[in-house]
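Let's take a walk through this model together, starting with its strands and ending with its charged pairs. Have the viewer open as you read.

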Amino acid sequence: MTWAWEYVPDEETVAAGAPHSFIAEVEKKADELVRAAEALYLHGPGYQGADEGAKHAFVAGGFFVYMITPRSELVSIWQVTPDPLP
């Protein structure tokens, strides 16, 4: 297995209507979160602790909600929220 990120349930549902520049920032930050999680959870599938739960990440143009699941080596993005006033 290898670490990755994905939109849950899918990109169309989570990111529909969000500006492309904002989505680019979300995906850039998601890549950073994957690298950090990979370094923190070296034995991801063998991880025995509890998941950290949902977290917020703020990027240019808004924020998103994500969760790190070490046993699946996955960063899942559940919601993206662009700033209402650009």
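Why is strand β3 (residues 62–69) largely enclosed by the rest of the structure? Because 7 of its 8 residues are buried, where buried means under 20% relative accessible area, exposed over 50%, and partly exposed in between (1.4 Å probe, protein chains only). Before going on, keep in mind that this is a predicted model: local features need pLDDT of at least 70, side-chain atom pairs count only at pLDDT 80 or more, and totals for chains, interfaces and linings use all residues. Residues are numbered from 1 along each chain as its sequence is written, and side-chain values use heavy atoms, with hydrogens and water left out.

Strands here are DSSP runs of E, at least two residues, and helices are runs of H or I, at least four, numbered from the N terminus. Two strands pair if DSSP finds at least two bridges between them. β3 runs antiparallel to β2 (residues 55–59), with 5 bridges, and antiparallel to β4 (residues 74–82), with 8 bridges.

Now the charges. The whole structure has 3 salt bridges, each a side-chain nitrogen of Lys or Arg within 4 Å of a carboxyl oxygen of Asp or Glu. One of them joins D51 and R71 at 3.6 Å, N to O. That pair links distant parts of the chain, 20 residues apart. Another, K29 with E32, sits within helix α2 (residues 20–40).
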